[in-house]
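Please read it beside the sequence and the coordinates.

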Amino acid sequence: MALNLRQKQTECIIRMLNLNQPLNPSGTANEEVYKILIYDRFCQNILSPLIHVKDLRKHGVTLYFLIDKDRRPVHDVPAVYFVQPTESNLQRIEADASRSLYDTFHLNFSSSIPRKLLEELASGTLKSGSVEKITKLHDQYLEFVTLEDNLFSLAQQSTYVQMNDPSAGDKEIEEIIERVASGLFCVLVTLSVVPVIRCPRGGPAEMVASLLDQKLRDHLLSKNNLFTEGGGFMSSFQRPLLCIFDRNFELSVGIQHDFRYRPLVHDVLGLKLNRLNVQGEKGGNKSFELDSSDPFWSSNSSLEFPEVAVEIETQLNKYKRDVEEVNKRTGGGSGAEFDGTDLIGNTKHLMNAVNSLPELTERKQVIDKHTNIATALLGQIKERSIDAFTKKESEMMMRGGIDRAELMAALKGKGTKMDKLRFAIMYLISTETINQSEVEAVEAALNEAEADTSAFQYVKKIKSLNVSLAASSANSASRSNIVDWAEKLYGQSISAVTAGVKNLLSSDQQLAVTRTVEALTEGKPNPEIDSYLFLDPRAPKSSSSAGSHVKGPFREAIVFMIGGGNYVEYGSLQELTQRQLTVKNVIYGATEILTGGELVEQLGLLGKKMGLGGPVGSTSSH
């Protein structure tokens, strides 16, 4: 049984909706209790990809509201609260209880509630005499958003900026690390597994790994911990590997253009929480949902866009043939004489036809939906030459450079300001030795396009820092502040931002992250990963540094990216499970899922914080 995060999180939510009572084997509550659901924005986003309105009705939820909206009393009905444990949410709950808005209050927090807030809630409800209204209080450990069976996001925004901000103090960095580790802890509790943890040394990945290791150890010491209940003998026998990376490990993947269906839909049409809006042919917006309940999306989202277009055509023709077949069978086409013997046969055909109608209608809806999406994508691809950007970027990565005429043509051709900026940054990352006059020509072209060049300047600065880091280690007196900061934050890992191209793409164009995860799951000695940190929260503290008895190969891996993940990386890791014999399942998660443009905006913010600006007077130019 592979770990399935979506299924596990859905089960937790259904149990919560059923007032945390055990469910019947059929997955429903034992008796029908009507209730009200109250959530905050964050928990609404957790619920939205997993549970639809009709599912809420099935679990007895008749009304649902955001916590900060004004609500009327509903007597004799229990209320299920699902909120983050924040000061303002608890004040609101206290106020609701003191006004006796509902019969009983079942409080569910998305992560564990701090002791201080718990005490405030207790004293507040005691004062107002409403303490008996509060029936149950649960820490649910659900502080993450699951988008697919194997894809999750902690929905923690701008982590990349916060982690790399030169002005960030130790305290701020520690707070971010704490937030990320707590989010990962929630994911592991939901899966009820204690993984073996690997990560590169130095930088945010090691900080998060060490803190998570400590959290798991502390937790495993308590008697009724969350991991002994969920897993039987098997779970301790076959443990997953958790690999933690930081976006700088491979910056290029987060920025490049990609021509596969899922990354395109995300990047170009803005897929958010599995939903997107597309303009219809007759104007007006159409809203679509893309998740595992859509068979076409499930089987084609990793294909290149032209293959998807062919597949839509194929499905449409197949649908037309099947409709024709039904018409023919129900007497739409035979001119033969009618005699009594055929009546029985005909009725049978009619019955079959009636039964196949819902399935045909559903197929037609899916085909129409993807025709709409593909049409919208095609318009953007043509208008912005996205295919050309994709092709040139991947060639640059492979060859470690690009012909100057070709470079300038792309920057002066079609495409949005952001497309050109992303392309220019990919040029910086993939070129081994930067030619000064070429860079100036690129900057001039970006200025001409009125693009904000802060992000470009930032990557350029980091790239030159690398060179000076190498040089200045000989001459410590010449170190500037920023070099100290770079060293402090990353130790060695900053060099990975602009590591040689050979490191970025191997001959079969595999991403560095995928290649590394493959090596880590094999568990064989390998110079690329031998220096990686090895933490086993179940092993005694003293022995863990020397490595553990759990060496691999691992059948399941959880791969986590601090500072933003994307659908390109997710797709690449899913392919690994198809290609590789030992790894059966990879769950991919990140602090947030970003499009190339969103990551570049974060790079631009860092550039501005370092005083590296775009063209003067056009800060709002995108």
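1. About 130 Å³ of space lies in the largest cavity. Of the 20 residues lining that cavity, the closest to its centre are Gln-256, Pro-263, Asp-267, Arg-422 and Val-568. A cavity is here a set of points, on a 1 Å grid over the protein atoms alone, where a 1.4 Å probe fits but cannot get out, and lining residues have an atom within 4 Å of a point. Volume is the space filled by probe spheres set on the points, which are joined across faces, edges and corners.

2. The model is predicted: local features need pLDDT of at least 70 and side-chain atom pairs count only at pLDDT 80 or more, whereas totals for chains, interfaces and linings use all residues. Residues are numbered from 1 along each chain as its sequence is written, and side-chain values use heavy atoms, with hydrogens and water left out.

3. Helix H11 (261-269) and helix H24 (567-579) each supply at least two residues of the lining of the largest cavity; the largest share, five residues, comes from H11. Helices (H or I, at least four residues) and strands (E, at least two) are DSSP runs numbered from the N terminus. By class, this lining has nine nonpolar, seven polar and four charged residues. Ala, Val, Leu, Ile, Met, Phe, Trp, Tyr, Cys and Pro count as nonpolar, Asp, Glu, Lys and Arg as charged, and the others, Gly among them, as polar.

4. How many cavities of 30 Å³ or more are there? The count comes to two. About 60 Å³ of space lies in the second largest cavity, whose lining includes Asp-258, Arg-260, Ser-301, Tyr-567 and Glu-575. Here the largest share of the lining, five residues, comes from H24. The lining of the second largest cavity has three nonpolar, four polar and four charged residues.

5. Helix H4 (residues 87-98) has twelve residues and reaches 17 Å from its first C-alpha to its last. That is close to the 16 Å expected at 1.5 Å a residue, the expected span being 1.5 Å times one less than the number of residues. Asn-89, Leu-90, Ile-93, Asp-96 and Ala-97 of H4 are buried (under 20% relative accessible area, 1.4 Å probe, protein chains only). Seen down the axis of H4, these buried residues fall within an arc of 120 degrees, so they line one face of the helix; the arc is that of the directions from the helix axis to the C-beta atoms.

6. The buried residues of H4 pack against strand S3 (79-83), strand S4 (105-109) and helix H5 (115-127), contact meaning heavy atoms within 4.5 Å. Just after H4, Ser-100 takes a positive phi of about 50 degrees.

Notes
Buried < 20%, exposed > 50% of the residue type's maximum accessible area, 1.4 Å probe, protein only. 1 Å grid on protein atoms, 1.4 Å probe; cavity = no way out; pocket = protein on both sides within 12 Å on 5 of 7 lines; lining within 4 Å.
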